[in-house]
Amino acid sequence: MGDPERLTQILFNLLDNAIRHTSQGKIEIINSIENEKLQVCISDSGEGIPEEMLDHIWERFFTGSVSRTSSVARTGLGLTIVKYLVEKMQGTIEVQSTVGVGTIFTLRFPLYVCE
């Protein structure tokens, strides 16, 4: 019961972030079904997010430190919008990150059986 266009927007934003913050290494997308929920994990082996910033990444206009910015101007709205859209589709989003190791965003959406 999700919106395919909004799901595309969510995945595009998370993948764009992973690409921008992974100069070398890998990015993976892993899908699975657990406890009647679709789980999507997007992981990268990029620069990671400092622990003190993790609670703030969902805030409007938060762009992180200078080291996490690129030459492209950012509004700091991407992850705020992602979280909003995920929750509108009755889903959840979590993040785990370690500086120098990488970041994992985990999305979970309820599965509905169409009859």
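Me: What covers the buried residues of helix 3?

Reply: The cover includes helix 1 (4-20), strand 3 (92-98) and strand 4 (102-110). The model is a predicted one.

Me: Which residues of helix 3 are called buried, and what makes them so?

Reply: Helix 3 spans residues 78-88, and its buried residues are Leu 79, Thr 80, Val 82, Leu 85 and Val 86. The word is used for a relative accessible area under 20%, so each of these five falls under that limit.

Me: Why is Asn 35 called exposed?

Reply: The relative accessibility of Asn 35 is 73%. Exposed means over 50%, therefore Asn 35 counts as exposed. Asn 35 is in the loop between strand 1 (27-34) and strand 2 (37-44). Its phi is positive, about 50°, although Asn 35 is not a glycine.

Me: How do you know that Glu 36 is exposed rather than buried?

Reply: Glu 36 has a relative accessible area of 66%. The limit for exposed is over 50%, so Glu 36 is exposed. Glu 36 also lies in the loop between strand 1 and strand 2, and its phi is positive, near 60°, in a residue other than glycine.

Me: What is the phi of the residue Gln 90, and which helix does Gln 90 follow?

Reply: Gln 90 follows helix 3, and its phi is positive, near 65°.

Me: What describes the packing of two helices, and what are the values for helix 1 and helix 3?

Reply: Two packed helices are described by the angle between their axes and by the distance between those axes. For helix 1 and helix 3 the angle is about 145° and the axes are 10 Å apart. The contact is made by Arg 6, Gln 9, Ile 10, Asn 13, Leu 14 and Asn 17 of helix 1, together with Gly 78, Leu 79, Ile 81, Val 82, Leu 85 and Val 86 of helix 3. By class, this contact has 7 nonpolar, 4 polar and 1 charged residues.

Me: Is the crossing of helix 1 and helix 3 left-handed or right-handed?

Reply: The crossing of helix 1 and helix 3 is left-handed.

Me: How many helices and strands does the protein have, and in what order do they run?

Reply: The protein has 3 helices and 4 strands. From the N terminus on, the elements run α-β-β-α-α-β-β.

Me: What share of the protein's residues is buried?

Reply: Buried residues make up 34% of the 115 residues. The protein exposes about 7600 Å², and carbon and sulfur atoms supply 54% of that area.

Methods:
Residues numbered from 1 in each chain as written. Predicted model: local features only at pLDDT ≥ 70, side-chain atom pairs only at ≥ 80, totals over all residues. Heavy atoms only, no water. Buried < 20%, exposed > 50% of the residue type's maximum accessible area, 1.4 Å probe, protein only. Helix = DSSP H or I, 4+ residues; strand = E, 2+ residues; numbered from the N terminus. Contact = heavy atoms within 4.5 Å. Axes fitted to C-alpha atoms, helices over the stretch in contact; angles between N-to-C directions. Left-handed = near helix turned anticlockwise from the far one by under 90°. Nonpolar A, V, L, I, M, F, W, Y, C, P; charged D, E, K, R; others polar. Areas by Shrake-Rupley, 256 points an atom, 1.4 Å probe, with all protein chains shown as cover.
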